[in-house]
Amino acid sequence: MKKLKSPGELAALQAEIRAGRDPKKPCITICAGTGCLAYGTQKIIECFRQEIDKQHLQDRVQLRTSGCHGFCERGPMVVIHPQKIFYQRIKAEDVPDIISKTVLAGEIIDRLSYVDPATKQKIVYEHDVPFYKRQTRYVLGMNGDIDPACIDDYLAIGGYSGLSKALSGMKPEAVIEEVKKANLRGRGGGGFPTGWKWESTRKAAGEPKYIICNADEGDPGAYMDRSLLEGNPHLVLEGMLIGAYAIGSSQGYIYVRNEYPLAVHNITLAIEKAREVGLLGENILGSGFSFDIKINRGGGAFVCGESSALFASIEGRSGEPRAKYVHATDQGLYNKPTNLNNVETWGNVPLIINRGADWYASIGTANSTGTKIFSLVGKINNTGLVEVPMGITLREIVYDIGGGIPNGRKFKAVQTGGPSGGCIPEQFLDMPVDFDELAKIGSMMGSGGMIVMDDRTCMVDVANYFLKFLEEESCGKCTPCREGVLQMRLILDRICEGQGKEEDINTLEWMGQAIIDGSLCALGGSAPNPVLTTIKYFRDEYEAHIKHKKCPAGVCKALITYSVDAEKCTGCHACARVCPTQAATGEKKKTHVVDLGKCIKCGACFEACKFDAIKIL
Amino acid sequence: MQAKIQAIISRYGSDKGFLVPILQDVQRELNYLPEDALVMVSTLLEIPLSRIFEVATFYKAFSLTPRGKHLLSLCLGTACHVRGAPLLSGHIERALGIRPGETSPDLEFTFETVNCLGACALGPVMVVDGEYHGQLTIAKTNAILRDLGRKVPSDEEA
Amino acid sequence: MSDTVTLKINGRTITASAGSTLLAAAQSANIYIPNLCSNEELTPYGACRLCMVEIAHGKRTRMVASCIYEVAEGLEVQTVTERILNVRKLVIELLLARNPYHPRLLKISHELGVQASRFKEDVKGCILCGQCVRTCREVVGVAAIGFKGRGRTRTVATPFDKAPADCIACGSCAYICPVKVIPLEDKNNVRTIWKTEFPMAVCKKCGRPFAPEKQLAYFRKIANLPENHFDTCIQCR
């Protein structure tokens, strides 16, 4: 491919690609995000290819493998353009029908359409699915129109126009002003204003200046950065290019988790393509601006999401944070001025430049503008990625988009902000979700994980889970984090085992505050949050464990027993078949029993029983 | 081995900053990080061995001991946790007779737990030899283990 | 830029040289701040968190580690507040669970009024202040030892827990250790450190062992000295 030498050449190429495409031509877009691939989508893609070949439709039908569509619960899924017919949970066997009936004859296949569980109505088109209908998918929505391996797809929807606009008509300062005016705040955790950070880096003394894309998405329960990088890598590159131009940087890094092989693959490919057409490298679009990007893969360390630990890792050392008394914008990577933003933040930049700060700032709330992508997971019907304007209420997210709690169970809490965040109880369901509101109630936005919990989730167990997580992920440098989190965990272990003492809650609260005050970096400085918020909002559950030696949610093994409900047991023997210790026994067609002496509380019988006859008390 | 390591390092232009990716590539090539390989990396990159050892033991992705033929990575992210991943972890431990982070003595299996694989909508999730398995149950886990040639409590035995 | 700055510690006006740490400034004004990982010969580290102080930060205050925070003109610092004491008490209790007997730790806990640690003991001796590792890297320059693992499994170790190839047996690590948990023994013209035996050089005049041979070889190498440079001990020279 020829290198583009001016904004005009870019516009001409975009026009040429669009002109060569017939918008009426049927296109089967199949979601090939990591989630759908796990459902076996690769096989379905092969079937589509074979079927298209078999019916000699190569010229009449296009097949596009795209990144994540967001509605992971319903994968594997396809959207058939131009009508945008939505089929979900499809199997390889469905492929011939989809082609013959829908693509060629325009017929809807009822069994593949989505049925709204609330209204029992069949829904034909993607945009009518309630899960999508209530969202505002400016960033993630592009995924469905793009094959991440195909730069033409991105160019066809106007890709790199933001960069072109910045390079041809805007001074770097004007770009920064625009981002400041849009009030874009960092999507990775703290919500620091992006424009201010850019400005500080631009003004900082020292060369070279680095910009980094943090794709070390470590918050458990969050995967929006993965899906963006996998599904729309050029969007992230374009954001970085605009940022680099504004800041005056010629070298960028993408620090990506090695646990995300598809993201690494797609972004590597995108960088090569961008270099090929001259959108990365020397003298980009003839502007005199030069910039290139290196990819650095992480080694499995949550703490490397912390900026100073991330720098250490890129420099080839273990990810040990330094105290941030000097800002990274002054002395970051290799002690040079460094601007670090996460994937989603970079992904918002082209939108701001393309459509203007005023448009952008009109979305969301006054101090939290734009949209935010959340991963809605856990005990929720519609798991997946949702993009919503800031300021939407938790209730809208959980019930209108998420479809509520499965199996008719009761909502208990939403955990946001990852291990640094907190658990939000039912009383705050109508609170608007933005950076400041979440902070007010002791949680935080974090990178956007929303883990929904129901009445079968034990909050003491959840708090203990996060401490265990952080105990493993602490770098071990400073005492409060390394030793303090461990000791808090040992106390919670005792509580979960029924050995809790009256004074434990006070000790945990006292330790929590001292760990927050005393830790070196944000990991330790926020590590006690899940414990502190669960004590604050679910104190009765702690007391049930400590005083009454009961786990109300039926989770903590030492405090529960398994038994058989004689009225419900049909004697099907399913429990006995799966029981690894022969604790569940009985004659066929007669009521079974669980021998508590042998039971190891592994939960196998509970899962196997189709008649709800295994009781946990 | 020297040639392989040399090739990996050249791919990164002998840049010390790429130590972590270099070690990842070495591990992919050799299944784990043997001592003599790390000594070689230390010499070629001119980084003290104590630094290399520090990095190799800091990041969870690295193993200094040989790993099994089959690698099972069970996700223990929050979404997987609330959907029952700990029960599966216990189940796999019992079935394989090894604890997370360990390799079976016959070098058939390495079982590790991972702090979030970023496939949260499918929780609980496990990656087995690079392939994702979602919405795991004890029954599905048994099927996976059986496919890999490991006996588990099953219908036949009952 | 002026060479000195004026700041207030606990209400007292103090002059300190620019670029020095709050801890150093306090110490030179005879204001006591407990600390374990700090050493003025080494790169500031800020790991033990005993030396936390509170600085005025707009209308609020901010907790910082005085061993890494630099003095600044007009800065107002408090070294003893309830918030600070809570952190110090927690830290010393946590460290006592690792090392319940070293006098230096017991002295600090006594000063803070901590009788005993209420935490589950897991005696390791080492408090992971990192002074040995930094000394070996920064002062000696051989980087023979380092950290192994992370979080609570972190230890100070030689590569692969084996005889350290780069160690010159100088003993600086054992000397600098604030809680003296690195064993070093000189016996029969042999120094044992890091479970490794290093032969000592014997003075050609008085016949006494005076330094590990590897250490002398290392000095000769970095200073470009002749082979026979360290044939005799300092007393006999």
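**View 1. Domain 2 and domain 4 of chain A in a predicted model.** The C-alpha centres of domain 2 of chain A and domain 4 of chain A lie 34 Å apart. Eleven residues from domain 2 of chain A and eleven residues from domain 4 of chain A make the contact. Domain 2 of chain A is assigned as 159-171 + 188-353. Domain 4 of chain A is assigned as 459-547.

**View 2. Buried area between domain 2 and domain 4 of chain A.** Together the two domains bury about 860 Å² between them. Carbon and sulfur atoms carry 73% of that area. On the side of domain 2 of chain A, the most area is lost by A:Pro220, A:Phe302 and A:Pro321. These residues together account for 50% of what that side buries.

**View 3. Packing of helix 11 and helix 12 of chain A.** Helix 11 of chain A spans residues 233-247, and helix 12 of chain A spans residues 261-276. Their axes are 9 Å apart and meet at an angle of about 60°. The two helices are therefore oblique to each other. Their crossing is right-handed.

**View 4. Residues in the contact of helix 11 with helix 12 of chain A.** Helix 11 of chain A contributes A:Pro233, A:His234 and A:Leu237. From helix 12 of chain A come A:Asn266, A:Ile267, A:Ala270, A:Ile271, A:Lys273 and A:Ala274. By class, six residues of this contact are nonpolar, two are polar and one is charged.

Note on methods:
Residues are numbered from 1 along each chain as its sequence is written. Chains are lettered from A and ligands numbered from 1 in the order in which they are written. This is a predicted model: local features need pLDDT of at least 70, side-chain atom pairs count only at pLDDT 80 or more; totals for chains, interfaces and linings use all residues. Side-chain values use heavy atoms; hydrogens and water are left out. Axes are lines fitted to C-alpha atoms, for helices over the stretch in contact, and angles run from 0 to 180 degrees between N-to-C directions. Helices (H or I, at least four residues) and strands (E, at least two) are DSSP runs, numbered from the N terminus. Angles under 35 degrees count as roughly parallel, over 145 as roughly antiparallel, 65 to 115 as roughly perpendicular and the rest as oblique. A crossing is left-handed if the near helix is turned anticlockwise from the far one by less than a right angle, and right-handed if clockwise. Contact means heavy atoms within 4.5 Å. Ala, Val, Leu, Ile, Met, Phe, Trp, Tyr, Cys and Pro count as nonpolar, Asp, Glu, Lys and Arg as charged, and the others, Gly among them, as polar. Domain bounds come from an automatic or database domain assignment. Buried area is the accessible area (1.4 Å probe) that two parts lose on being put together, summed over both.
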